[in-house]
Amino acid sequence: MTEATPPNHSVFRPHIRSTPRALILSGQNLLVQEKRHPVKGHHYTLPGGKQEPGEDLVQALRRECLEEIGTEISVGKLLHIAEIYREKTDSGERQHQLDFVFECLVPEDYEPVLGPSPDPHQVATCWITRENAQQLRPAYVTKLFSIDCRRDLEVYLGSFYD
């Protein structure tokens, strides 16, 4: 994976954000949030989000998935960690974010739905195939899905601009 060179530290928000993410596979399909953003365009992301004070990563991931994809999940092992330097379109600052990617499962009868509290730009929840991998964000997710999400990759994936 390609590492990014961090930009000037003065343009960063003051706190590092920890973000658990769910890697949910069904056969050759990956469960994702479909998003439409006025600047970033149409893309897909892994379910998950901001860890709140007092929550552990697993609690945060379960809460976020219930809100975004409308179902309880089973959280497995931690697969990967990536650093993201996410540009915030409202302020011009960058958010330094740590993504913790967990192997997860949904109930066998789960049909993708938009959860009761989706992300602001989330328009759907869906299963995608590798043909859609180039629309995954951040870039590390495209790489993981394109190579069958192998667990023999390094746990630390490096840093990426998004």
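This is a predicted model: local features need pLDDT of at least 70, side-chain atom pairs count only at pLDDT 80 or more; totals for chains, interfaces and linings use all residues.
The lining of the largest pocket divides into six nonpolar, nine polar and 16 charged residues, where Asp, Glu, Lys and Arg count as charged, Ala, Val, Leu, Ile, Met, Phe, Trp, Tyr, Cys and Pro as nonpolar, and the others, Gly among them, as polar. Residues are numbered from 1 along each chain as its sequence is written, and side-chain values use heavy atoms, with hydrogens and water left out.

A pocket here is an open set of points on a 1 Å grid over the protein atoms alone, where a 1.4 Å probe fits, with protein on both sides within 12 Å along at least five of seven lines, and lining residues have an atom within 4 Å of a point. The largest pocket holds about 630 Å³ of space, a volume being the space filled by probe spheres set on the points, which are joined across faces, edges and corners. Of its 31 lining residues, Lys-35, Arg-86, Lys-88, Asp-119 and Pro-120 are the closest to the centre.

Turning to one loop, Glu-55 sits between strand 3 (41-45) and helix 1 (57-69), helices (H or I, at least four residues) and strands (E, at least two) being DSSP runs numbered from the N terminus. Leaving aside neighbours within four places in sequence, Glu-55 is in contact (heavy atoms within 4.5 Å) with Lys-50, Ala-60 and Arg-63.
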